[in-house]
Amino acid sequence: MKTEDGMNIIFVGKRHGKSRVVAVNAPVAAALIVVLMALLALASWSGYRVAVSQADATEPTPSELVTEWKAKLTTQKSELAEIELNVQQQIDALTLRLGEMQGRLLRLDALGQRFVESGLVASDEFDFDQPAAVGGPEDAGLSGDSFTAPELTSMIDQLARRIEDREQQLRLLDQVASRMKLEDELFVAGRPITWGWLSSRYGYRSDPFTGKRTWHAGVDLAGKEGSDIIAVAGGVVTYADERYGYGNLVEVDHGDGLVTRYAHAKSVEVNVGDVVQKGQVVALMGSTGRSTGPHVHFEVIRNGKSENPETYIQRASR
């Protein structure tokens with residue numbers, strides 16, 4: 001209940017509902033209001049300081065930040081080292097694959113060069129000493145991105161399979177070519193001299209020393225003394241010495257029961273056991289043994305029986 005000079009404050013007790021009235025004049029009321037506002041301000045300030053203190057407590061100190069960033073940096077360095085190791089391992093694996101492929105390509109080049117040298121492949125068409133010529137206009141619409149490691153690995157795998165396929169094909173072709181070359185080498189054909197003429201045929205003739213009818217088991221090819229006597233086919237030298245009536249004699253076994261003889265040589269240019277090739281010089285023309293002048297007595301023997309050498313001389317080479 002108010003008065004003109006102040007106000008009353010009524011206090012009600014918990015027991016028996018008794019109340020007590022305290023009269024408060026205006027100055028006291030103003031003082032109380034000031035005190036209450038001061039208490040509220042103090043409480044607000046205290047709460048603010050408590051909140052700031054709690055926030056400061058939750059913020060890391062500079063040392064804690066440095067420690068945290070050092071830990072993150074160490075983790076990142078470890079991850080980076082692992083990535084670098086993985087990349088290096090991939091590079092090493094690709095390098096090893098490329099080294100193997102380079103070796104295989106060198107073998108392919110060697111086989112190709114053999115085909116060129118053998119005449120199976122035209123040298124002006126395939127040059128195995130130079131890389132294959134390629135080219136084409138640049139497409140401006142393409143970005144030209146680099147290959148990824150999986151794409152590069154896939155390309156290398158495909159190339160390796162192609163190389164393996166080509167190797168098998170070239171090996172088969174090389175075997176066929178080698179067999180053909182061997183057959184050509186062993187094919188008896190042509191004359192055993194580089195220059196000269198036929199001076200006596202195969203068969204019965206008048207003996208040049210006695211004039212009687214005698215058997216001539218070969219043909220005589222006359223020429224200049226010291227000129228080359230060459231093998232008419234590849235084979236192995238089975239005799240290279242002097243023999244009665246033949247003078248200096250070279251005998252070459254060509255396999256399959258076929259043997260050729262070159263007699264009356266001035267000198268022998270091979271030894272027993274030598275492997276000779278078609279066209280190789282085996283002796284020099286002379287007039288040793290039972291001979292009237294420089295010539296080569298040429299015989300062809302198959303399975304121990306003589307055959308007419310003219311048949312082989314007139315043969316077309318393979």
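Colleague: In this predicted model, how far apart are the closest N and O atoms of the salt bridge between arginine 302 and glutamate 307?
Modeller: Arginine 302 and glutamate 307 are joined by a salt bridge. Arginine 302 is partly exposed, with a relative accessible area of 25%, and glutamate 307 is partly exposed at 27%. The closest N and O atoms of the pair are 3.6 Å apart.

Colleague: Which residues do salt bridges with shared partners join into one network?
Modeller: Glutamate 251 pairs with arginine 261 at 2.7 Å between the closest N and O atoms. Through shared partners, the network consists of Glu251, Arg261 and Glu299.

Colleague: Is aspartate 220 buried or exposed?
Modeller: The side chain of aspartate 220 meets that of arginine 205 in a salt bridge of 3.2 Å, N to O. Arginine 205 has 24% relative accessibility and therefore counts as partly exposed. Buried means under 20%; at 7% relative accessibility, aspartate 220 counts as buried.

Colleague: Which residues are the closest to the centre of the second largest pocket?
Modeller: The second largest pocket holds about 470 Å³ of space. Its lining divides into eight nonpolar, 11 polar and five charged residues. Of the 24 lining residues, the closest to the centre are Arg205, His216, Asp220, His264 and Arg290.

Terms used: Residues numbered from 1 in each chain as written. Predicted model: local features only at pLDDT ≥ 70, side-chain atom pairs only at ≥ 80, totals over all residues. Heavy atoms only, no water. 1 Å grid on protein atoms, 1.4 Å probe; cavity = no way out; pocket = protein on both sides within 12 Å on 5 of 7 lines; lining within 4 Å. Points joined across faces, edges and corners; volume = space filled by probe spheres on them. Nonpolar A, V, L, I, M, F, W, Y, C, P; charged D, E, K, R; others polar. Salt bridge = Lys/Arg side-chain N within 4 Å of Asp/Glu carboxyl O. Buried < 20%, exposed > 50% of the residue type's maximum accessible area, 1.4 Å probe, protein only.
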